[in-house]
Amino acid sequence: MNSPAHPEIRVFPPASDTVARAHVDAAKYQEMYAASVNDPEAFWGEQGKRLDWIKPYSQVKNTSFELGNVHIEWFGDGTLNVSANCLDRHLATRADQTAIIFEPDNPDEPAEYITYAQLHRRVCRMANILETLGVRKGDRVVIYLPMIPEAAYAMLACARIGAIHSIVFAGFSPDALAARINGCDAKLVITADHAPRGGRKTPLKSNADAALLHCKDTVKCLVVKRTGDQTTWIADRDFDYNEMVLEANDYSRPVEVNAEDPLFILYTSGSTGQPKGVVHTSGGYLLYAAMTHEITFDYHEGDVYWCTADVGWVTGHSYIVYGPLANGATTLMFEGVPTYPDASRFWQVCEKHKVTQFYTAPTAIRALMGQGDEFVSKCDLSSLRLLGSVGEPINPEAWTWYHEVVGKGKCPIVDTWWQTETGGHLLTPLPGAHALKPGAAMKPFFGVQPVVLDPQSGEEIPESPTEGVLCLRDSWPGQMRTVWGDHERFEKTYFADYKGYYFSGDGCRRDEDGDYWITGRVDDVINVSGHRMGTAEVESALVAHVAVAEAAVVGYPHEIKGQGIYCYVTLMHEQEPSDELKKELRNWVRTEIGPIASPDVIQWAPGLPKTRSGKIMRRILRKIAENDFGSLGDTSTLADPSVVDDLIANRANT
Ligand code: WT7
C-alpha cells in the first residue's frame, strides 16, 4: 500500500495473524494511550503491578521538568528487589525453563542453556562473592566483561545486594575504563582474562591492570576465566571468580531497596565534556523495561527472543537482561559478531535456537546486506515472527532488505527510537496496532508525549506535517533520574535549552498522519555504527597528542557505519605532516578512548574556520566532510575566510 500524500512511501498495515496474536491492537492502543496521558497516576499505578513489591507504593508520580527544580520520582515510597523480580518470583512456575541461551563466539563450542533455577543459584553465588569482597548496598561495581552469562550474573548479583553496577563496554580502552572506575568511585571491577570476539581475543584483564594503575589502590578486581589464558596476578587485589564460586553459598537474601535507589550508572557521550554517568533507579526502570519488552516485541510464553546488542550499552541492559528476565522470558546472549566465521552467523543462530524475535542495529543490517542474500537464504528462518531495529535511523533500502530477505515479508519491523537516558522505547510502532513505514519510528509508547519544537523559538508546533527538535512533555517511569554526582549537569543538558521539556538532542519530522521520523542528532554527538560518540571527546583525545595543536571532529555519511568520524587536525608549528603520523594519531585515539572511536578520516588543516570571537564553525566543517560545498552558507563572519578554500581543496576522499 502507498501513502496517499507520498506515493513513494510504502505503508505496511499489520497482517491479520499478527493482530490476532498481539497484546495490543489498534483499538486497544488508542484506548490505553489516551488513558496513559489523561491520568498517568492511575495508568502507571495499575502497570506497577507488573512487579512484585516488598512494600507496595502509595505514591505513583512525582516529577518536575522545571529548570532549577528538576526531579523525577516514580513509586517513591515502594520497595522491591530487582533480582527477585527477575528470578525468585519465576521459580514456582518456570524453574526449569531456559532463562538465558548462551551462544559462544566460536560456533564449534556448545551453546549453554541456563534455566531460571540455575540462574538464580549462580546469581546468588555471585552476590555472596561480592559480599565477601566487601561490596555493600549503595557501593559501585564496574563490570568490564565480554558477552558471557557471568555479565548477567554480575548485574543481577549487584541488584540482589543493592549495589550499583556500571558496565563499561569491553571495547573501551584502559584510560576510558579508569575514568569510569574513578568517576563513580567503584570498589570493585569485574573482568575476564580475555574476551573472544570474531575469532580474536581482547586482553581484558591486562586492560584492567593498566586502568587500575590510575585508580585508588583499594579497588579490587574479580576475574572470570573465559579463555583460561595466563594473565598477571596481584595478590590481595585480584580474585579468582572460578575458584570462589566453588565455595560460595547458593542462596543470598535479596536486599530491600527503595524504588528510587539507583540500579545502575551507564556512562554515555554528550555534546560537551567527558561522558556523563546516566543514573537509572530500580522500580520505574524495571517496570518500563519489562512492559516495553513485552508489548513492543509482542513477547509470548514459549518465544525465544534475541537482542544482538552488547550489555555494555543500554540496549543490553533493558532488552537482554532486565526487561526479558522480569517477564520470565528466554533471552539469547551472543558473544560473537555478525560476520564470524562468515556473514551467515546471525541467521544460523536464529535457525539453531528457533529465534522468534530478533532485534539488531541498522549498521549490522547494512553490513550483511552487502554480503549477498545467499547467506540468509541458506538458513531456515521460519521461526522468526518479528524483527526490531535500534540505534540510528534505518534507511529504506536496509529496511526493505530486512523485511523481504530476512523476514520474508511476513515479520513486522519495530523501529524503536530511544536513548540511554530514556531507559526503554519511547517511539516505536507496535506490531499489532500500527502500520509500518520504512524508516519511521512512528508512534509514542504509552505515557510518552513527544512534541516537535521550533528550534529557534522553542515553541511547540501542534500541526502536522512539520519538522523540528524532538522533546518530551512529561516524564515516564524509565527516565534517567540524574547525572551521577552532578545534578546540575543533568538539568543543564536536558532541561535548559527548551524550558519545561526534556530535550532529546534529536531532530524529527512528523508527517501528515502524525507519525514520527527521526532525522538524527542536532548536537555535536555522532552515531557511529549505532554507538554514540561525542565529537568533543575525540577532539580532546587528539589534542592530548604532542604533535597536535588543534582538532575539530565531525560526522560524515558512511555507507555501513551510518556516520564516520572525520577529523580536521592542525599540527604544532614545525611538525611535518605524514601518513605515518596519521596512523599514529589513529592508534592514539584508539588507546585514549577505544577502537570504536577510531578516526575514519584525518585531514591536515593548516587553519580551522573560526568566527572573530574564536568559535570553530562546525557547520562549515560538516558540509565539507559531507562533500556538500554548495551550501556552506554565510562565511563572511569568519576571521579568515580563506581557510575554507584550503580545506575544500584538500578534502580527503571518503
Ligand atoms: C541516540 C541514542 C537506544 C539504544 C541505542 C542507542 C539514535 C536510537 C534510533 C532509531 C533513529 C535512533 C538517536 C538517539 N537512535 N534509536 N530507532 N531511529 N535514531 O542509545 O547510545 O543512548 O543513543 O541514538 O540519535 O538520540 P544511545
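User: Which residue of S25 is the bridge partner of Arg 509?

Analyst: As a general idea, the strands of a sheet pair through backbone hydrogen bonds, in either a parallel or an antiparallel sense. Here Arg 509 has Trp 517 in S25 as its bridge partner. The structure is a predicted model, in which local features need pLDDT of at least 70 and side-chain atom pairs count only at pLDDT 80 or more, while totals for chains, interfaces and linings use all residues. Residues are numbered from 1 along each chain as its sequence is written.

User: How many bridges join S24 to S25, and what lies in their hairpin?

Analyst: Strands here are DSSP runs (E, at least two residues), as helices are (H or I, at least four), both numbered from the N terminus; two strands pair if DSSP finds at least two bridges between them. S24 and S25 run antiparallel and are joined by 5 bridges. Their hairpin has 5 residues between the strands, and Gly 514 in the hairpin takes a positive phi near 85°.

User: In what order do the strands of this sheet stand, and which are at its edges?

Analyst: The sheet is open, with 4 strands in the order S21-S22-S24-S25 and antiparallel pairing. The edge strands are S21 (450–453) and S25 (516–521); each has a single partner strand, so one side of each lacks a neighbour in the sheet. Neighbouring strands are turned against each other by 45° on average, direction ignored. Within the sheet, S22 (residues 466–472) and S24 (residues 502–510) run antiparallel and are joined by 6 bridges. Leu 472 stands opposite Tyr 502 in S24.

User: How is the sheet of 7 strands to be read?

Analyst: That sheet is open as well, its order is S5-S4-S17-S16-S18-S19-S20, and its pairing is mixed. S5 (112–115) and S20 stand at the edges with a single partner strand each, so one side of each is left without a neighbour in the sheet. In S18, Phe 358 is the bridge partner of Trp 306.

User: Which strands does helix H7 lie across?

Analyst: H7 (residues 149–161) lies across S4 (98–103), S5 and S17 (330–334), and runs at about 140° to S4. Such angles, from 0 to 180 degrees, are taken between N-to-C directions of axes, which are lines fitted to C-alpha atoms, for helices over the stretch in contact.

User: What is the angle at which H14 and H16 pack, and which residues meet there?

Analyst: Two packed helices are described by the angle between their axes and the distance between the axes. H14 (residues 362–369) packs against H16 (residues 396–406) at about 75°, with the axes 10 Å apart. That makes H14 roughly perpendicular to H16; the classes are under 35 degrees for roughly parallel, over 145 for roughly antiparallel, 65 to 115 for roughly perpendicular, and oblique for the rest. From H14, Pro 362, Ile 365, Arg 366 and Met 369 meet Ala 398, Trp 401 and Tyr 402 of H16. A contact requires C-beta atoms, placed from the backbone, within 7 Å.

User: Which residues around the ligand come nearest, and which elements supply the shell?

Analyst: A residue is near a molecule if its C-beta atom, placed from the backbone, lies within 6 Å of it. Of the 23 residues around the ligand, the nearest are Pro 393, Gln 419, Thr 420, Ile 518 and Arg 532. Two or more residues each come from H12 (314–326), S19 (386–390), S20 (413–416), S24 and S25. S24 gives the largest share, 3 residues.

User: What is phi of Phe 75, and where is Phe 75 found?

Analyst: Phe 75 has a phi near 55°, a positive value in a residue other than glycine. Phe 75 is found in the loop between S2 (71–74) and S3 (79–80).

Terms used
Two residues are in contact if their C-beta atoms, placed from the backbone, lie within 7 Å.
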